[in-house]
Amino acid sequence: MINVIGLGYIGLPTALMLSKNGADVVGSDINQDVVSSLKDGSAFFSEEEINKLYKEVYKKIDFKSEYEAADRYIVAVPTPFDRDTKKVDPKYIVKAVEEIVKVCEEDSIIIIESTVSPGTIDKFIRPIVEGSNKKIHLAHAPERILPTNIVYELVNNSRTIGADDKKVLDEVEKIYSSFCKGEIFKTSIKVAEMTKVVENTYRDINIAFANELAQICDLSGLDVYEVIKIANKHPRVNILNPGPGVGGHCISVDPWFLVGDFPKQTRLINSARYVNDSMPLYVKNKLNSIMIDEGITDYSRVGIYGLTYKANVDDVRESPSMQFLSILKEEDRDKIVVYDPYIKKMMYRSQAFDFQDFLNSCDIVLIMVDHEEIKNSTNVSKLRGKVVFDTKHIGEELKNRAKVYYSL
Ligand SMILES: NC(=O)c1ccc[n+]([C@@H]2O[C@H](COP(=O)([O-])OP(=O)(O)OC[C@H]3O[C@@H](n4cnc5c(N)ncnc54)[C@H](O)[C@@H]3O)[C@@H](O)[C@H]2O)c1
């Protein structure tokens with residue numbers, strides 16, 4: 001039996017996929033509301049493939065708040081960073097493992113899927129297991145899936161598994177190979193920890209380079225997108241697109257773990273984090289100069305399109321828009337119109353819940369997220385006559401419809 005602990009963006013799809021492929025699964029989450037909605041079949045997800053999978057298997061999974069006596073555990077709880085030290089904050093995984101060791105069977109395996117900095121499992125988790133007087137094995141199987149394409153990537157991505165010996169590695173491989181068609185790399189726990197953090201750090205540094213380039217091109221009066229397009233014709237160059245910042249629970253968090261643990265060695269990683277975190281302020285300064293050029297003095301005629309950290313998801317954690325809104329004065333934050341097709345709950349005082357209502361309320365549209373909705377040509381047409389500050393470069397068609405500022 002597999003008890004999946006933490007039923008969020010990562011734990012739930014994993015639990016569903018394991019159940020679909022024949023495993024006996026219990027799903028545990030401390031959030032009673034999450035458990036209730038999963039149990040009664042009423043949960044709804046922004047990804048159609050997850051909805052389908054959920055409807056197919058939810059009755060086979062025992063969703064509950066308590067942990068189950070099992071021989072296999074998969075832990076997918078949050079791993080934030082400490083804002084002061086920048087180190088991983090292990091409190092959620094520690095709490096989960098403390099509860100697991102109370103109920104688990106002899107010879108069980110605890111697989112940590114949550115992303116952690118290298119050495120975290122040895123430092124914080126192993127002592128709990130060793131102090132339990134039970135024979136328990138540890139493994140780390142970090143997750144790489146991309147929200148918006150979760151089901152496909154669960155099946156097709158390659159994976160990394162770390163454990164202390166071959167027997168445990170083989171047992172853990174058996175679990176994942178029940179649904180994963182990708183290659184499975186077996187290594188030590190510490191290498192597995194490091195590779196996951198390194199993957200997201202690589203992405204963060206490359207995005208920071210594009211963002212720095214955007215600022216250089218802006219000062220030079222050049223179109224950064226034209227520069228990137230031509231530079232990328234070089235066979236060994238692949239510059240990413242710039243944007244208004246980096247958000248989400250992974251790329252904007254995991255590089256800090258390395259900065260926290262290796263402050264002297266991480267000058268590049270640290271700088272990349274600062275470049276990406278400074279983008280919302282850069283956008284604000286640009287917006288203010290556009291407002292001056294357009295003779296618009298107050299934020300009540302400005303609208304922000306998009307609150308989520310990337311396109312076509314409902315996750316606002318650490319998003320550039322939230323960072324942008326947090327640096328506005330309170331009275332301006334109350335006035336500025338915000339809208340996101342994926343956010344149905346009220347988060348800000350001047351929030352619109354319909355695209356046309358949103359457009360009716362503003363003269364300047366600040367595009368922060370390139371959701372499919374705004375790229376659709378009917379909706380691009382609706383931007384006719386607006387001043388648009390497009391930080392996501394949603395497409396050339398927009399130029400024919402609105403007065404567009406790029407600057408990014
Ligand atoms: N979201 C992503 O795209 C993504 C991708 C790869 C890796 N990760 C990593 O996966 C881990 C989980 O991320 P997520 O996005 O699924 O988080 P999430 O916030 O969506 O879900 C975590 C769930 O764990 C529950 N929880 C917290 N403490 C618990 C406990 N002690 N016992 C039981 N349940 C508990 C919470 O109630 C929540 O439902 C993190 O380490 C993250 O870095 C996330």
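How many salt bridges does the structure hold?

Reply: This is a predicted model, in which local features need pLDDT of at least 70 and side-chain atom pairs count only at pLDDT 80 or more, while totals for chains, interfaces and linings use all residues. Residues are numbered from 1 along each chain as its sequence is written, and side-chain values use heavy atoms, with hydrogens and water left out. The structure holds 28 salt bridges, a salt bridge being a side-chain nitrogen of Lys or Arg within 4 Å of a carboxyl oxygen of Asp or Glu.

One of them joins Asp170 to Lys166, with 2.6 Å from N to O. Both residues belong to helix H7 (residues 166–176), where they lie four residues apart, about one turn of the helix; helices here are DSSP runs of H or I with at least four residues, numbered from the N terminus. Lys166 is exposed, at 58% relative accessible area, whereas Asp170 is partly exposed at 23% (buried means under 20% relative accessible area, exposed over 50% and partly exposed in between, with a 1.4 Å probe and protein chains only). Lys166 and Asp170 also belong to a network of salt bridges that links them with Glu173 and Lys186.

In helix H3 (residues 48–57), Glu49 and Lys52 are three residues apart, and therefore about one helical turn separates them. Their salt bridge has its closest N and O atoms 3.0 Å apart, and both partners are partly exposed, Glu49 at 42% and Lys52 at 47%.

Note on methods
Helices (H or I, at least four residues) and strands (E, at least two) are DSSP runs, numbered from the N terminus.
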